[in-house]
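Look over the structure below, then read the points by topic.

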Amino acid sequence: MELYTLAAEQGYAPAQSNLGVMHFNARGGLPQDFALAAVWWKRAADQGKETAIKYLRMVLDKHLFPPGTAVQLVGMKAAILDGKRGVVAAPGDEGVPPPALGKVMVRMDGNGRMQATCFENLQRV
């Protein structure tokens with residue numbers, strides 16, 4: 001486990017992807033943690049690791065932020081945007097473009113506009 005973590009922290013995409021799998025499936029003595037799995041898969045996906053791209057989209061869409069989930073923006077994103085709450089929109093719905101890698105489409109309360117937001121800047125409400 002230590003070698004995987006060390007390799008992942010140094011930017012080795014296969015180790016990052018494998019750590020994501022371990023956190024998702026509670027393997028290697030790690031507790032199940034979808035958010036941590038997403039973080040590691042995002043790092044590997046940013047380097048073009050195809051399986052990490054697929055797994056990241058799956059964990060965001062099915063476990064962390066499925067369509068219809070009420071969310072609140074946190075951090076700098078909340079400070080920048082007027083609407084701080086919204087609902088996760090389903091890609092493919094009218095007016096909902098497919099999100100970029102690691103992003104979630106949120107229909108903001110109040111004005112109804114669509115906002116692509118990094119999953120790290122969202123929390124469920």
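This is a predicted model: local features need pLDDT of at least 70, side-chain atom pairs count only at pLDDT 80 or more; totals for chains, interfaces and linings use all residues.

Residues are numbered from 1 along each chain as its sequence is written, and side-chain values use heavy atoms, with hydrogens and water left out.

**Helix α2**

- Helix α2 covers residues 13–25. Helices here are DSSP runs of H or I with at least four residues, strands are runs of E with at least two, and both are numbered from the N terminus.
- The 13 residues of α2 should span 18 Å at 1.5 Å a residue, and its end C-alpha atoms are 18 Å apart, which agrees. The expected span is 1.5 Å times one less than the number of residues.
- The buried residues of α2 are Ala13, Ala15, Gln16, Ser17, Leu19, Gly20, Met22, His23 and Phe24. Buried means under 20% relative accessible area, exposed means over 50%, and partly exposed lies in between (1.4 Å probe, protein chains only).
- Cover for these buried residues includes α1 (2–9), α3 (34–45) and α4 (50–64).

**His63**

- His63 is found in helix α4.
- Its relative accessible area is 31%, so His63 is partly exposed.
- Leaving out residues up to four places away in sequence, His63 touches Phe24, Phe34, Met58 and Arg124. A contact means heavy atoms within 4.5 Å.
- His63 and Ala35 are 28 residues apart along the chain, and their C-alpha atoms are separated by 9.1 Å.

**The whole chain**

- The protein chain has five helices and five strands. Their order along the sequence is α-α-α-α-β-α-β-β-β-β.
- A compact globule with 125 residues would have a radius of gyration near 14 Å; the protein chain has 15 Å, which agrees. The radius is taken over C-alpha atoms, and the globule rule is 2.2 Å times the number of residues to the power 0.38.
- The C-alpha atoms fill a box of roughly 50 × 25 × 20 Å, taken along the principal axes.
- Of the 125 residues, 36% count as buried.
- Among contacts between residues at least 6 apart in sequence, 44% join residues at least 24 apart.

**Charge**

- The protein chain has 14 positive and 11 negative side chains, and the centres of the two sets lie 1 Å apart.
- Lys and Arg count as positive and Asp and Glu as negative, while His and the chain ends are not counted. Each charge is placed at NZ of Lys, CZ of Arg, CG of Asp or CD of Glu.
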